[in-house]
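Open your viewer and get the selection tool ready. We will walk from one stop to the next, and at each one you will hear what to pick and what is there.

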Amino acid sequence: MSAEHMFPHMSGFFSVYGITTGLLVSGDDILDRVISALKNTEAKTIEDGDILLFAESPLSTTEGRNVRLDDITPSAEAYRLSEKYHLDPRVAEVVLMESDTIVGGIPGYLLAGKWNLILPNAGVDESNAPNGWVTRLPADPEASAGRLRKGIMERTGKDAAVIIIDSRTHSMRLGVSGVAIGCSGILPITDERGKPDLYGNKLQVTRRAIADSLASTAELLMGESSEGVPVVLVRGYPYVRCENCKIETISAEEDLFLSLGK
C-alpha cells in the first residue's frame with residue numbers, strides 16, 4: 001500500500017451530510033441515486049477530498065446479496081446449531097455458507113469467523129431486508145469500495161474516498177457503533193507511536209482507527225431502522241490519501257479480548 005498527502009488540509013471542523021436515496025432494491029445503480037439525491041442536500045455535489053460512507057446492507061441489496069429463506073434447505077449442522085442457539089435453521093444455514101468457522105453463540109446468534117474477524121451471524125442480517133429474506137455482507141467490501149470510488153471519478157471527475165461500513169457490538173458493552181469493513185482512497189488507520197503526548201511522553205501503542213471513527217460518525221445519521229439514509233458524505237475531514245490501502249485485522253493470538261482466560 002502507499003500513503004500520500006493529507007487531503008484536505010486541517011480546518012478545525014468538518015461537515016457530515018446524510019443522503020436519503022429512497023428504498024434500494026437489487027440491481028439499482030446506487031451511485032446514480034446518491035448523485036441525484038445529493039442535489040437535495042446542502043452538499044449539492046461530490047467534491048475533491050470528500051469521503052462517502054456506504055452502509056453495507058443497502059449496498060449488498062443493490063449487489064444482489066439478498067437471499068430468500070424459502071430457497072434455503074438447512075443441513076443437519078444447521079438444524080443442530082439452530083436448536084442449540086434458538087434461531088431459524090434456514091438462517092443458520094446461510095450463516096454456515098458465509099462463515100469460515102463457527103466458534104460459539106448466544107440465543108439468536110451464531111458467533112462466526114469470517115475474513116479473520118469474529119462476527120455475529122457472519123454479518124447475515126434479517127433487518128432492512130424484505131420479509132422472508134436475509135442480507136449477506138458484500139462478497140468483497142474492498143472491491144466494492146474501489147468500484148464505487150472509480151465510478152465517482154468517472155461520473156463526476158472528483159477524487160473522493162469511499163468507506164463501506166457495518167454495525168458492531170463491543171465486548172462487555174450494550175449498543176452498536178459503526179465499523180469500517182472496506183475502503184478505497186483513504187488510510188484507515190494512522191500510527192501515532194513515537195509521537196509525544198501532552199506531557200512529552202512518547203506514545204507506545206496508539207493507532208487511531210480513522211475509518212472506524214468516521215463509520216461511527218456516519219451511523220449517527222444513518223440510524224439502524226427506518227431512517228432511509230444509506231449513504232453519508234463527510235466534507236472537510238483531513239485524511240491521508242492512500243492507494244491500495246485496506247482494512248487490516250490482527251490474529252486472534254494478538255487480540256487482547258480474545259486472549260482473556262487463556
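Start by selecting S6 and S7, which form a hairpin with 2 residues between them; in its turn, tryptophan 115 has a positive phi of about 55°. Strands here are DSSP runs of E with at least two residues, helices are runs of H or I with at least four residues, and both are numbered from the N terminus.

Before moving on, a word on what is loaded: this is a predicted model, in which local features need pLDDT of at least 70 and side-chain atom pairs count only at pLDDT 80 or more, while totals for chains, interfaces and linings use all residues. Residues are numbered from 1 along each chain as its sequence is written, and side-chain values use heavy atoms, with hydrogens and water left out.

**The neighbouring hairpin**

Stay with S6 and S7: the two run antiparallel and are joined by 4 bridges. (Two strands pair if DSSP finds at least two bridges between them.) Glycine 113 faces isoleucine 118 in S7. The hairpin of S5 and S6 has 2 residues between the strands, and glycine 108 takes a positive phi near 100°.

**The five-stranded sheet**

Next, select S2, S13, S3, S9 and S10 in that order: they make an open sheet of 5 strands with mixed pairing. S2 (15-19) and S10 (173-184) stand at the edges with a single partner strand each, so one side of each is left without a neighbour in the sheet. From one strand to the next, the twist averages 30°; axes are lines fitted to C-alpha atoms, for helices over the stretch in contact, and angles run from 0 to 180 degrees between N-to-C directions.

**Zoom in on S3**

How many of the residues of S3 (residues 51-55) are buried? The count is 5 of 5, where buried means under 20% relative accessible area with a 1.4 Å probe and protein chains only. Ile51, Leu53 and Ala55 point one way, and Leu52 and Phe54 the other. S3 runs parallel to S9, joined by 5 bridges; leucine 52 is opposite valine 162, and phenylalanine 54 has isoleucine 164 as its bridge partner. With S13 (residues 231-235), S3 pairs in the antiparallel sense over 4 bridges, and isoleucine 51 stands opposite valine 234.

The volume is the space filled by probe spheres set on the points, which are joined across faces, edges and corners.) S9 gives the most to the lining, with 5 residues.

Terms used
Buried < 20%, exposed > 50% of the residue type's maximum accessible area, 1.4 Å probe, protein only.
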